[in-house]
Amino acid sequence: MTGAPHLTAGQVTELVGGELIGRADVELVGAATLETAGPGELSFLASPRYVAHFHRSNAGAVLMTPGFREVMPGPATRILVADPYSAMGRVLRAWQRPAATWGVDPTARIERGARWTGRVSLGRHALIEREARLGSDCVIGPGAMVGEGAMLGDDCRVEAGAQVLAGAVLGHRVVVRAGARVGGEGFGFGVERGAPSRTPHVGTLVIEDDVEIGTNATVDRGTLGETRIGRGTKIDAQVHVAHNVRIGERCLIMAQVGIAGSTVVEDDVILAGQAGLADHLRVGKGARVAAQSGVIGDIPAGATVSGYPARPHRDVLRQAAALRRLTPLVSDLERRAGPK
Amino acid sequence: MTGAPHLTAGQVTELVGGELIGRADVELVGAATLETAGPGELSFLASPRYVAHFHRSNAGAVLMTPGFREVMPGPATRILVADPYSAMGRVLRAWQRPAATWGVDPTARIERGARWTGRVSLGRHALIEREARLGSDCVIGPGAMVGEGAMLGDDCRVEAGAQVLAGAVLGHRVVVRAGARVGGEGFGFGVERGAPSRTPHVGTLVIEDDVEIGTNATVDRGTLGETRIGRGTKIDAQVHVAHNVRIGERCLIMAQVGIAGSTVVEDDVILAGQAGLADHLRVGKGARVAAQSGVIGDIPAGATVSGYPARPHRDVLRQAAALRRLTPLVSDLERRAGPK
Amino acid sequence: MTGAPHLTAGQVTELVGGELIGRADVELVGAATLETAGPGELSFLASPRYVAHFHRSNAGAVLMTPGFREVMPGPATRILVADPYSAMGRVLRAWQRPAATWGVDPTARIERGARWTGRVSLGRHALIEREARLGSDCVIGPGAMVGEGAMLGDDCRVEAGAQVLAGAVLGHRVVVRAGARVGGEGFGFGVERGAPSRTPHVGTLVIEDDVEIGTNATVDRGTLGETRIGRGTKIDAQVHVAHNVRIGERCLIMAQVGIAGSTVVEDDVILAGQAGLADHLRVGKGARVAAQSGVIGDIPAGATVSGYPARPHRDVLRQAAALRRLTPLVSDLERRAGPK
């Protein structure tokens with residue numbers, strides 16, 4: 001990680017509340033797997049399967065569970081801790097640089113009536129349009145834009161080249177990743193006198209606290225009324241959310257998923273990669289939709305569905321098994337059916 | 001909509017040619033559904049199903065059909081009009097602000113030989129490359145780019161961060177939404193001596209009048225010859241149109257559709273979300289391709305297809321029904337078939 | 001192609017090592033098919049099917065195989081050459097303008113510690129972040145960005161609005177097309193205490209020599225460890241490559257493909273449009289994955305798979321044939337099965 005602050009093995013041990021075996025002064029500047037780590041890097045051992053990797057590893061220090069205490073020491077310093085994986089997460093967060101230099105880059109533009117609370121970071125050529133309001137500690141990356149009248153809460157991050165378009169309302173700690181566009185006009189066409197005719201989109205977009213919108217994703221505002229994404233929901237790269245969609249809290253929506261207009265996704269739903277939801281549906285709380293599924297009807301709460309059209313995953317598996325057994329039978333059947 | 005001009009209920013009534021029941025001086029600054037509208041907002045009632053919502057609504061005024069004249073008045077002013085939905089569209093269009101401030105932002109760059117007719121709006125850090133030509137009333141958003149030698153007709157809009165790349169030719173009233181890239185080099189690789197080798201793409205891209213290209217969509221120019229999108233066709237977010245594709249007039253192409261090289265889509269075709277068309281195909285006039293369909297052969301005019309490989313939707317439904325009936329039969333069949 | 005240098009028919013003949021029949025001084029400024037070419041354009045004739053087009057063509061000159069020597073001359077000058085298509089490629093490459101004007105645009109920003117070797121082209125509002133290093137002859141387009149500590153080899157091209165994010169390492173001759181974002185943080189969420197919780201992504205992204213990343217594509221860096229794309233691999237528009245994916249050499253990955261975290265794609269694999277690969281899989285060397293396939297298990301080297309879940313394409317075809325034969329049989333079966 002470029003420019004990450006150094007941590008010694010001793011400091012790491014203290015940070016994770018572990019027990020150090022070896023040298024406390026080893027300098028660590030990054031993290032890697034046992035196989036690839038070098039002497040300045042921290043690694044971890046959480047499964048007996050990787051003990052051989054540990055013995056061959058060049059890592060400067062290794063996080064491991066106390067159960068590995070007796071493992072023959074390799075060259076590495078060891079840090080014993082109950083949950084090495086979660087401990088690694090804590091170290092990684094400590095390594096992360098401050099997100100930004102606070103202040104306004106001289107090339108950034110702030111239009112009339114735009115304002116913020118406390119400190120702000122506006123990158124190169126960032127643009128804050130008229131009457132936009134930012135909470136404290138927002139970071140607007142290079143080339144990023146906050147549209148006219150948009151509102152951001154505290155600690156929001158709009159990454160390089162991303163856009164929060166006019167009138168969108170974001171809660172606290174919302175992340176809009178590079179190239180994502182949120183709050184634009186959606187695809188509202190009817191056919192009038194034989195040609196497509198646009199419905200103006202004058203609704204809004206509301207993104208609640210702790211939501212993340214992935215790289216190059218697109219989220220349209222409502223036509224009338226709003227599009228809304230609930231607290232804590234995470235949206236991956238290249239997802240498309242159409243106008244008037246309502247997504248609940250704590251959902252995980254993976255790369256390249258598409259959700260058509262006015263569909264409702266309740267809390268705690270998982271939509272796996274490339275799944276598609278037709279318009280005006282409801283996906284019930286806690287449902288799981290498998291990758292590439294095509295959902296064209298309501299999905300009950302708690303269901304796991306797959307395929308096109310998406311059905312209960314158990315039925316899909318059963319049908320697939322029947323199909324595999326079927327092929328050799330069809331010829332036999334045709335023979336029995338006799339001449340047509 | 002932020003900063004929209006106020007309209008009174010009286011002005012709205014005049015605009016839509018309706019009949020006012022109630023106060024003409026109610027100030028309206030936006031629109032919303034009956035359930036969510038506040039006292040400064042216009043709503044509409046078009047179906048008896050929502051009469052209860054009307055009675056509870058806080059809307060400042062409600063557009064409704066004359067058939068609801070006798071509905072017990074709620075607190076709202078009523079505007080009777082034959083088609084409330086279309087009337088709402090007219091009001092929304094009236095509310096829409098002028099698209100832009102005319103003029104050239106001091107941070108915009110205009111390269112040698114670039115020129116336009118009449119007025120233009122060039123946003124923050126917009127870039128007009130050498131020899132590009134714009135018609136009158138074009139709006140080039142912040143960070144947007146018109147490439148070298150590209151030509152735009154009148155009233156075109158290239159939104160924030162969108163790019164019309166070198167040599168593309170756009171008709172009148174074309175909209176290129178935020179982050180869309182049109183006219184770039186496509187994916188023209190053959191395999192030469194065991195490794196991918198690029199075919200230069202020196203063809204062009206032609207986008208006819210009244211076309212809309214969605215947010216973060218990509219349209220490649222031709223290798224030799226052109227890519228062309230016909231008059232009035234609307235393309236949604238994250239669609240990909242490859243080199244040398246020809247799309248007819250008045251098509252609707254929904255989010256995340258992909259069309260591979262040299263395929264022809266005739267007039268009035270609808271491609272639903274996430275559908276994919278293989279290369280060198282022809283989709284006949286007026287055909288409809290269901291969401292997520294995988295088209296790998298020609299589709300006749302007027303056909304409705306679905307599934308992978310895409311087949312007539314009626315056959316797909318019939319086959320799905322047969323499959324559902326099949327599962328219980330297979331075990332029975334295997335029993336009858338006897339030992340292998 | 002706008003502003004392409006003129007070539008005479010004589011110069012083209014010399015360039016391709018052909019034989020000229022006709023006028024050596026015809027000026028050629030572009031290329032087109034026989035049907036659409038004008039008097040200043042070069043075309044080609046490679047199949048007897050198009051002889052009639054040749055006779056009607058207005059092309060200024062036509063590349064053709066020696067076998068067409070006896071074809072009655074049209075108005076066009078002819079250039080005989082063994083492989084007209086490959087000859088056309090050579091001419092097109094000659095026509096291509098130098099990619100850029102060398103030098104640093106006054107609006108480009110170069111942060112502290114950023115540096116390059118030899119010449120560079122930095123476009124309007126391009127941004128080179130702290131400690132980024134570029135090889136010689138790199139072209140960074142308008143509004144494009146090279147992140148903190150990123151390293152580019154020689155002859156790389158980062159097109160308009162594209163971003164190479166912090167710490168990514170690119171080899172020589174890498175092309176990152178318009179709007180592509182490489183090296184960003186991926187979608188690493190686990191569920192902790194009932195809510196999604198982010199794993200920091202502090203790994204790296206390595207893109208080897210001669211790789212191309214398509215328009216608006218996204219490639220995430222590793223969480224721990226790296227994401228890597230092998231030498232000569234070509235990635236099309238709107239592809240998504242998740243964290244810790246490893247792609248081999250000379251792969252072709254077509255538009256809108258998605259590859260989930262930690263999956264391994266070996267050398268010489270072809271992934272057709274909209275295919276999806278689940279996480280933690282291995283696709284063997286030389287495998288071919290058909291368009292829209294959903295891969296949810298390992299694919300052996302050399303296999304050709306299709307469908308969802310992806311299986312050997314031959315089995316898919318066989319099963320589809322069985323299904324088509326099945327529908328009329330099911331009713332018959334049900335009749336034979338008798339009352340339930």
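Me: In this predicted model, what makes Asp315(A) buried, partly exposed or exposed?

Reply: The relative accessible area of Asp315(A) is 37%. Buried means under 20% and exposed means over 50%, with partly exposed in between. Asp315(A), at 37%, is therefore partly exposed.

Me: Which residues of helix α1 in chain B are buried, and how do you know where on the helix they lie?

Reply: In this helix, residues 9-16, the buried residues include Ala9(B), Val12(B), Thr13(B) and Val16(B). Viewed down the axis of α1(B), the buried residues fall within an arc of 100°, so they line one face of the helix. As a general rule, an α-helix has 3.6 residues a turn, so residues three or four places apart point the same way.

Me: How many cavities of 30 Å³ or more does the structure have, and what lines the largest cavity?

Reply: A search of the whole structure finds 5 such cavities. The largest cavity has a volume of about 480 Å³. Of its 32 lining residues, those closest to the centre are Gly143(A), Gly161(A), Gly143(B), Gly143(C) and Gly161(C). The lining comprises 14 nonpolar, 12 polar and 6 charged residues.

Definitions and conventions:
Residues numbered from 1 in each chain as written. Chains lettered and ligands numbered in written order. Predicted model: local features only at pLDDT ≥ 70, side-chain atom pairs only at ≥ 80, totals over all residues. Heavy atoms only, no water. 1 Å grid on protein atoms, 1.4 Å probe; cavity = no way out; pocket = protein on both sides within 12 Å on 5 of 7 lines; lining within 4 Å. Points joined across faces, edges and corners; volume = space filled by probe spheres on them. Nonpolar A, V, L, I, M, F, W, Y, C, P; charged D, E, K, R; others polar. Buried < 20%, exposed > 50% of the residue type's maximum accessible area, 1.4 Å probe, protein only. Helix = DSSP H or I, 4+ residues; strand = E, 2+ residues; numbered from the N terminus. Arc of directions from axis to C-beta.
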